Amino acid sequence: MSVANFIPQVWVAPLVQALRKKLVYAGPQIVNRDYEGEISEAGDTVKVTSIGRPTIKNYVPNETVVTPEKPNTSQRTMVIDQSKHWSVAVDDVDKRQVKGDLIKPFMSEAAYGLADVVDQYIANKYTEIPAASVLPDVTFTGTDQEAWGKLAYFTLVDLQVLMDERNIPTEGRYAACPPWYRGLIQKNPNFTRVSEYGSGRVLLNGEIGEIAGFSIVISNNNPKPVPTSNFIQAGVNGAISFAEQLNQVEAYRPESSFADAVKGLAVYGGKVMRPDLLAGVEVTRPGS
């Protein structure tokens, strides 16, 4: 790295960092880390066995012959198949010329950049939601903002009903929405803002409030099936599992230069273990 454009002037601290998104998809409201212990200790694959429900049959005393069923099982596999790295070096001359610590801000930006990549990786798992759990596409037409607010709310109500009908637990439900959708639902009187929760509530990352039985979280990593639309994913955190096998940062002195360097490596993976706990809808932005 060179900061020659700043020499001999002083680059003052604190350094200005890049703008950051809200990262929510890899957070505990959307993913669980139930299998991370097994992954980090040994191996790069976790196989999870699901059991079926036994058949409930009529019983007649002294007549019914009880015949045990063979267990009905299925297996899902989560593979740790994602590997990302980063590195940065600060020349010794630059360190003497520049005021402030350069390495720490770059490390902070690298950590955020890695988290952003992971967030997008989880966000794109929406394609594994069963077709039966996806509502028909919703398009916001015209110019009536009040009508848009009603449609935004009714869409989430329809999503709530769909999840109820599919026996998805009501506790811990979230809906991950794009920023423009926030503007629509906040104009609806049914929306409860975070500031109205009262004390004792632990907030989710990116959470702005509640409506239609969902904790609403906002993310700029919300998927775009097409440039003019976004996909609202709803569910509970039992649906998607995530695990890091390795997250390592090392400082070193490169042999070929006079510099301090830092490098980082992350190895991780994720899997939609329970697609039956997810639902969603594609929404087209007003004016598109």
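The model is predicted.

The protein chain contains five helices and 13 strands. Of its 288 residues, 39% count as buried. The accessible surface of the chain comes to about 16700 Å². Carbon and sulfur atoms contribute 51% of that surface. Contacts were also sorted by separation along the chain. Among those with a separation of 6 or more, 77% join residues 24 or more positions apart.

Strand β13 spans residues 278–284. Seven of its seven residues are buried, that is, under 20% relative accessible area. The strand is therefore largely enclosed by the rest of the structure. In a regular strand, side chains alternate between the two faces of the sheet. In β13, Leu278, Gly280, Glu282 and Thr284 point one way. Ala279, Val281 and Val283 point the other way. Residues on both sides are buried.

Two pairings of β13 were examined. Strand β10, residues 229–235, runs antiparallel to β13. Seven bridges join β10 to β13. Gly235 has Leu278 of β13 as its bridge partner. Leu278 is also one of the buried residues that point the same way as Glu282. Strand β5, residues 138–139, pairs with β13 in the parallel sense. This pairing extends over two bridges. Here Val138 is the bridge partner of Val283 in β13. Val283 is buried and points the same way as Ala279 and Val281.

Definitions and conventions
Residues are numbered from 1 along each chain as its sequence is written. This is a predicted model: local features need pLDDT of at least 70, side-chain atom pairs count only at pLDDT 80 or more; totals for chains, interfaces and linings use all residues. Side-chain values use heavy atoms; hydrogens and water are left out. Buried means under 20% relative accessible area, exposed over 50%, partly exposed in between (1.4 Å probe, protein chains only). Helices (H or I, at least four residues) and strands (E, at least two) are DSSP runs, numbered from the N terminus. Two strands pair if DSSP finds at least two bridges between them. Contact means heavy atoms within 4.5 Å. Accessible areas come from the Shrake-Rupley method with a 1.4 Å probe; for residues, only the protein chains shown count as cover.
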